[in-house]
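Let's explore a structure together, one question at a time. Have a look at the sequence and the model first.

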2 protein chains.
Amino acid sequence: MDSHAVTKTDYKSYTGAFTLLHLTHLQPVQVSHLSFTSTHGALPEGPHGSGKSPTAIVMLNMGGPSTVSETHDFLKNLFLDNDLIPLPFQSIIAPLIARRRTPKIEQQYTDIGGGSPILRYTQLQGERMAAILDELHPSTAPHKSYVAFRYAKPLTDATAQQLKADGVTRAVAFTQYPQYSCSTTGSSLNELYRKGKTGAFGDGVEWSVIDRWGTHPGFIEAVAQNIERALAKFPESTRADAVLLFSAHSLPMSVVNRGDPYVLEVSATVAAVMERLKHTNPYRLVWQSQVGPSAWMGMQTGEALKGLARLGRKQVVLVPIAFTSDHIETLYELDLEYAREAREHGMDVHRAESLNESPVFIRALADMASAHLKDITTGKSGPTSIQMALRCPGCTNATCGQQKTWFARGGR
Amino acid sequence: MDSHAVTKTDYKSYTGAFTLLHLTHLQPVQVSHLSFTSTHGALPEGPHGSGKSPTAIVMLNMGGPSTVSETHDFLKNLFLDNDLIPLPFQSIIAPLIARRRTPKIEQQYTDIGGGSPILRYTQLQGERMAAILDELHPSTAPHKSYVAFRYAKPLTDATAQQLKADGVTRAVAFTQYPQYSCSTTGSSLNELYRKGKTGAFGDGVEWSVIDRWGTHPGFIEAVAQNIERALAKFPESTRADAVLLFSAHSLPMSVVNRGDPYVLEVSATVAAVMERLKHTNPYRLVWQSQVGPSAWMGMQTGEALKGLARLGRKQVVLVPIAFTSDHIETLYELDLEYAREAREHGMDVHRAESLNESPVFIRALADMASAHLKDITTGKSGPTSIQMALRCPGCTNATCGQQKTWFARGGR
């Protein structure tokens with residue numbers, strides 16, 4: 001939240017026209033497993049033709065299996081992540097849990113069309129962002145977007161090889177989780193740090209971090225527009241009765257209770273969206289995708305839908321609020337599981353579209369990156385935000401402390 | 001959050017000078033148990049001298065014992081509140097729990113000077129607000145502030161008698177909890193509804209409700225100014241290292257998990273304050289005053305202080321964020337208990353002052369009330385906010401539903 005400067009962009013009337021001229025030279029988005037990085041800014045034929053190594057914008061996210069057959073490896077990587085789920089004998093237990101859960105999750109990826117679209121959308125968002133960024137902040141051009149997923153291809157190692165091959169000396173770690181949690185952005189930064197300190201990205205790469213942006217006005221506008229489009233599907237006469245049910249991935253209370261900032265930041269996003277919508281409709285923030293027997297942050301999305309049905313509030317807009325593109329939690333859990341259940345309760349549920357190809361959102365990403373690069377260039381801010389420097393009061397993960405120090409020194 | 005209109009007041013430079021002229025005729029604040037209402041606007045010698053019955057602004061809060069000897073009754077009322085704590089055989093068990101806890105809590109009130117200052121501050125805030133309101137919104141003048149506490153004198157019954165005696169026909173229920181919870185504002189509204197439907201306030205009183213205002217710019221400014229004053233106590237050279245620890249009264253997870261909006265709204269307040277402070281310092285939102293063995297929202301304030309000490313973050317500003325004046329949770333729990341503990345850990349802790357007599361805050365209250373009255377007069381909004389109409393998805397308290405319907409019809 002403190003890594004964005006308020007930009008002058010009029011997001012409300014932004015159509016993306018600005019970028020059209022600049023995108024015509026782009027190659028189609030590559031989804032082959034051999035080419036995970038965008039083609040925009042590819043050297044040596046980048047748009048600036050300078051032969052200068054690009055400023056890398058590394059898009060961090062959890063990722064998802066692009067094909068059903070990658071599901072097992074994705075789950076194994078996830079359960080092996082000690083920053084996310086500390087397990088006893090993790091290296092032995094994680095593969096067992098992954099194997100047991102694979103068939104069910106494979107079926108879910110089959111049901112949504114054979115894989116997660118998160119790589120495709122992240123590449124697309126990154127490429128278009130980089131094109132705009134070249135115009136907004138020419139002094140660090142060319143910019144090239146890379147994807148580094150935590151649990152699916154491209155993993156950080158593969159991304160590191162790409163940066164090295166491109167001779168990158170300046171890189172921005174740009175989280176694609178709008179709101180910060182140690183389980184998400186924190187885990188990705190820890191992984192970048194572990195690889196970075198061994199030189200995987202090459203020697204002397206200068207790093208900085210965009211670590212959170214949950215109330216950036218362009219992000220808020222993009223979400224609000226998608227809600228307005230969903231609301232428009234209800235008859236005008238009853239539209240004002242529709243409940244906006246914002247749904248975010250839940251977090252174990254053990255994480256919340258050590259001082260993780262995620263619940264606050266997701267709440268702040270929702271409040272900002274409601275302010276932008278001028279509070280035309282009632283709303284609640286609820287939490288999805290809880291697994292296992294321990295306590296997680298609630299109220300749970302599924303329970304909330306049932307409760308609203310019981311109270312006779314049968315028009316609902318479901319709004320995914322903590323993810324920037326479609327993935328299994330929207331396409332399967334919200335669209336197939338909950339929406340079906342809601343229809344059984346006689347409810348009329350529409351889901352606000354995920355940000356996916358939203359030009360307003362992509363413009364916002366470019367504005368955030370541009371403001372970040374400008375603030376560092378002018379000495380207005382350091383490589384990391386003030387808020388990022390503070391570990392959770394209950395943190396006992398030594399890597400978190402080392403990671404924050406490393407990034408605060410620009411990756412040294 | 002949806003009951004305030006953005007006003008034109010420049011809170012940042014507001015000094016309260018506007019009200020000075022208007023306050024000179026005020027009597028000293030009455031704290032006698034026989035006079036709980038403000039003297040401003042008292043009939044028939046109100047400032048407008050019209051003999052017209054006043055527009056009542058009823059300030060809702062939990063209250064606290066003004067003297068140590070009222071502690072037992074306060075606790076008994078609290079544990080009898082079925083909207084707050086549903087207990088089996090409540091009418092038998094509540095007095096037992098109250099009796100058992102009385103000596104300890106009496107000692108705490110003794111330690112902070114012999115009672116809670118919440119009545120004194122609420123009366124002062126209400127009187128000064130009403131004086132400004134007469135100027136801001138003359139068409140509904142004279143305005144007279146009343147206090148209705150949920151657990152201490154003046155209880156709703158006594159307030160109702162006052163309104164009746166003054167011949168009030170128009171009343172605004174103005175919660176003094178910035179952020180809405182069913183346990184706080186909800187419980188107060190349920191109590192008003194129960195008394196109101198039996199005619200305790202007189203016949204034909206027209207009600208409307210200001211139900212939440214956690215991101216009102218004047219409230220945010222007032223909190224931010226108090227934080228800046230606390231920060232100024234640290235040496236300039238290390239000031240930027242100080243951690244802002246926002247502390248709100250916690251809530252049982254059973255309440256959070258039925259969809260209570262409090263956690264979101266407190267979070268939104270903190271995010272707005274940080275935005276206003278331009279993120280000069282790192283921060284966390286933590287939760288205090290948990291009691292009993294069940295799970296409550298965390299991280300707990302005491303644990304957070306210990307954790308920060310362990311991490312070497314020894315400069316802290318403690319910021320009460322969910323209450324508008326000093327009370328036992330600031331004067332005892334924060335100032336005596338936690339601050340003492342923190343000093344034992346070698347910490348340097350300053351507490352941001354509560355809003356108490358802040359002219360910026362009082363002006364904000366007047367602006368909220370003025371905007372509310374204007375929006376209703378012009379038909380821009382109804383007696384209650386859109387958000388208030390939505391019960392929590394997990395709500396099973398029938399009174400909540402009846403109360404919302406009753407207020408939405410203007411108290412009919």
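Q: Which residue just after α10(B) takes a positive phi?
A: Before we start, this is a predicted model, in which local features need pLDDT of at least 70, side-chain atom pairs count only at pLDDT 80 or more, and totals for chains, interfaces and linings use all residues. Residues are numbered from 1 along each chain as its sequence is written, chains are lettered from A and ligands numbered from 1 in the order in which they are written, and side-chain values use heavy atoms, with hydrogens and water left out. Helices (H or I, at least four residues) and strands (E, at least two) are DSSP runs, numbered from the N terminus. Just past the helix α10(B), a positive phi of about 85° belongs to G312(B).

Q: How many of the 10 residues of helix α10 of chain B are buried?
A: Buried means under 20% relative accessible area, exposed over 50%, and partly exposed in between (1.4 Å probe, protein chains only). Among the buried residues of α10(B) are T301(B), L305(B) and L308(B). The helix, residues 301-310, is mostly covered, and its buried count is seven.

Q: Which helix do the buried residues of α10(B) pack against?
A: Packing here rests on contact, meaning heavy atoms within 4.5 Å. The buried residues of α10(B) pack against strands including β5 (243-249) and β6 (283-288) of chain B. They also pack against the helix α11 (328-344) of chain B.

Q: Is H327(A) buried or exposed?
A: H327(A) sits in the loop between β7 (315-320) and α11 (328-344) of chain A. Leaving aside neighbours within four places in sequence, H327(A) is in contact with S116(A), P117(A) and Y332(A). Its relative accessible area is 7%, so H327(A) is buried.

Q: Is S139(A) buried or exposed?
A: You can find S139(A) in the loop between α4 (118-136) and β2 (143-149) of chain A. The C-alpha atoms of S139(A) and L373(A) are separated by 9.4 Å, although the two are 234 residues apart along the chain. With a relative accessible area of 53%, S139(A) is exposed.

Q: How many salt bridges does a search of the whole structure find?
A: Side chains of opposite charge can pair when their charged atoms come close. A salt bridge is a side-chain nitrogen of Lys or Arg within 4 Å of a carboxyl oxygen of Asp or Glu. Over all chains, the number found is 32.

Q: Which residue meets K144(A) in a salt bridge?
A: K144(A) is buried, with a relative accessible area of 4%. Its partner is in the loop between α5 (156-165) and β3 (170-175) of chain A, while K144(A) is in strand β2, so the pair ties together parts that are 22 residues apart in sequence. The bridge spans 2.5 Å, N to O, and the partner is D166(A).

Q: What is the N to O distance in the salt bridge of E265(A) and R212(A)?
A: E265(A) is in helix α9 (residues 262-276) of chain A, and R212(A) is in the loop between β4 (206-210) and α7 (217-231), 53 residues apart. Both E265(A) and R212(A) are buried. Their side chains meet at 2.7 Å.

Q: Which residue meets E228(A) in a salt bridge?
A: E228(A) is partly exposed, with a relative accessible area of 36%. The pair links helix α7 and helix α9 of chain A, 48 residues apart. At 3.2 Å, N to O, the partner of E228(A) is R276(A).
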